[in-house]
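Please try each task on the structure before reading on.

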Amino acid sequence: MDDTRTVDDAFAPADAAWTRVSPLLARAYRISLAVGTLIGLLVALGLALLPDVPVWLPVSVLVVDAVVTAWASWLIGRRVRSWGYAERADDLLVTSGILVRRLVIVPYGRMQLVDLVAGPVHRWLGITTVQLHTAAATTDARIPGLTPAIAADLRDRLARRGEQRSAGL
Amino acid sequence: MSGQQQDPISFQVVRPGASAPDERGRRRVHPLTPFIQGVRWWPAGIALALTSTVQFKVTVGAGALLVALAVLLAITLMGTGWNYLAWQRLTFWFDADGDLRVDSGVLSRQERRLQLSRLQSVDVLQPLLARIAGLAELRVEVAGAGDSKVSLQFLTLAEANSLRNEIVARSAGVRHDAEEAPENMLAAVPAGDLFLSLLMRAETFVLLLVTGLLIFVTLVTEGTIGLLLLATGGVPLFSIFTQFSRYYEFTVAESPDGLRLRHGLLQKTRQTVPPGRVQAVGFVQPFLWRRKGWVRVRLNVAGASTSAQGSGDQSYTENVLLPVAPWPVALAIVSRVLPGVDIMSIPLVPAPERSRRRAWIQWRQLAVGWDDQVFITRGGRITERWDIVPHARTQSVRVTQGPWQRSLGLASMHVDSTPGAVKISGHHRDADEARRFSQEQADRAARARATDRSLRWVAQQQLAATSSTVSDPATYPPPPMPVVAPVPGALASLLASPVEADPVEPAEAGERD
């Protein structure tokens, strides 16, 4: 996968290459998607078994379920490849998104907390999310799909740099 | 009871020392507090009872009225009793490190320590009921994640004010028995202007529409009796009165510890905005204000809005520096919180013409600009906005691009500030340019952080105020030059300005967090 397919030049870092996240993240997304699809199927089934429900209702639920599943599974691969981060001298760059593309520049000196988060599915797959917090609620800098070793290293590195460059509010 | 030297009849009398410290130096809030907290819900409760009585068309006899009164009394007694326990268990004091400690809680104990070097704001509030009793509430906020706000209900007004001064002084690392800093009135908003300005907003027309619809529907469904329902708080138009009441007699005064804002008709509020703690400033100009040349000034202050989001406290959702003022006044006041910044002279880079296909109303207004201290964005056509963030207060920088924007080669850039009403977004710019400006902004922010000194606000203001050569107390002194080698006497006196030579200098050393 070359980067240019998912991230255009406007979002590329000037002096660093994007570090990509683990493809295992795609599997985590697919599992979530499968659960969602299953719930949709169960709802359709339940509606079909209930009396006094017109036939078109479960059928349309089924159709919506199928369309969403197909569209999302087509998107998942690209979405996972869209995640990337780059550590520069003074700040961390994080990019993501297919439909809505994002790029966040977080100065190390502005980081207040660095969290490692892993839900049950992610833990089972062995991937972790690094979540950065600044004093701004809108910062929204998280990097999912890192193997625990890489994630812990990244966290320690970020925390160390944050301490060195720490500034008050 | 904590040392009460007052007689029970004239407890309203504002008297210093109403809560004398106990043997461990711990203080309590005013003993009237449980009672005031116990009856606080009366207006809302009675209104609710009235409304539901009218709504369900219950005929009320003397017996029912008695029962209602008994219930009211019982709930009040229970509430007061509970609040008495809470009052008994709430103590506050300054610890050995000079930080404010508050222990409280009846069932689960809470011991809080507010690190005053991270102080963001101290407000003195007087809700109507407390005001009648001559009491006030003190709210202290420090920077930090989560709940970093402490409210002391209630103190006598004099005590609240002296505690406020003590907290401000301690946070700045100056002598805490210092007198209250003198102040200098900068601006006052006339009540007529305030009322007119609130009417001349786009919201008013929406509110009028909704109110008209509501009255119509009520008349049709409930008959004229339904109008009584509206009177008890159902009229959306009341929100104009709420705003008017909140910003009534709004004054801005300048003092060495920051700008002091006073306002309120029923609830009196006194806020202190330390200039160095202002995270972002925004100007808002609704369409109809333009002919008057009016503008509203809003602020982001760290901590203030974050902690309010859950509590739904109206006075904290929007931090207003000036509810309405002519442009020159607004600019003069903002120049006190952003010293040395000439907002009007900052060159603006407009969004490209193709952005009209994405934002066909406001595209002409869209622009970003910067100088060596602040970043500014402009936007909005019907309600115009100017949002300003100092480079040193930039948290992070973002670029976003939706599908529609991508098809036009546009992207939006955002400079993230602490949560608040002011959002700094340069919308619909050329994508490459947005990317470049963002990186440049991140670099500018890094440089500004390295040299930023504005956090030490009080010490600086004091330096400026005590120095006879500095005419404008809001002007920050330049950072002192590090003296590497001993300098011959005559040369030293030439180099060192009176500001830097001031002996107060060492006091600020330990204050930086």
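**Exercise 1.** In what order do the strands of the open sheet of seven strands follow one another, and with which pairing, parallel or antiparallel?

*Solution.* The model is a predicted one, in which local features need pLDDT of at least 70 and side-chain atom pairs count only at pLDDT 80 or more, while totals for chains, interfaces and linings use all residues. Residues are numbered from 1 along each chain as its sequence is written, chains are lettered from A and ligands numbered from 1 in the order in which they are written, and side-chain values use heavy atoms, with hydrogens and water left out.

Strands are DSSP runs of E with at least two residues, helices are runs of H or I with at least four, and both are numbered from the N terminus; two strands pair if DSSP finds at least two bridges between them. On these terms the order is β1(A)-β2(A)-β3(A)-β4(A)-β18(B)-β19(B)-β20(B), with antiparallel pairing. At the edges stand β1 (19-20) of chain A and β20 (424-430) of chain B, each with a single partner strand, so one side of each has no neighbour in the sheet.

**Exercise 2.** Follow the bridges of β18(B) to its partner strands.

*Solution.* Begin with chain A: β4(A) pairs with β18 (residues 396-401) of chain B in the antiparallel sense over five bridges, and Val397(B) in β18(B) is the bridge partner of Ile105(A). Then turn to chain B, where β18(B) pairs with β19 (residues 410-416), again antiparallel and over five bridges, with Thr400(B) opposite Ser412(B) in β19(B).

**Exercise 3.** Describe the interface of chain A and chain B.

*Solution.* Start with its extent: 29 residues of chain A are in contact (heavy atoms within 4.5 Å) with 31 residues of chain B. The buried area, meaning the accessible area (1.4 Å probe) that two parts lose on being put together, summed over both, is about 2,500 Å², 53% of it on carbon and sulfur atoms.

Next come the charges, where the rule for a salt bridge (a side-chain nitrogen of Lys or Arg within 4 Å of a carboxyl oxygen of Asp or Glu) finds one across the interface. The side chains of Arg88(A) and Asp443(B) form this salt bridge, at 3.6 Å from N to O.

Finally, consider which elements contribute: β3 (91-96) and β4 (101-107) of chain A each supply at least two residues of the side of chain A that touches chain B, and the largest share of that side, seven residues, comes from β4(A).
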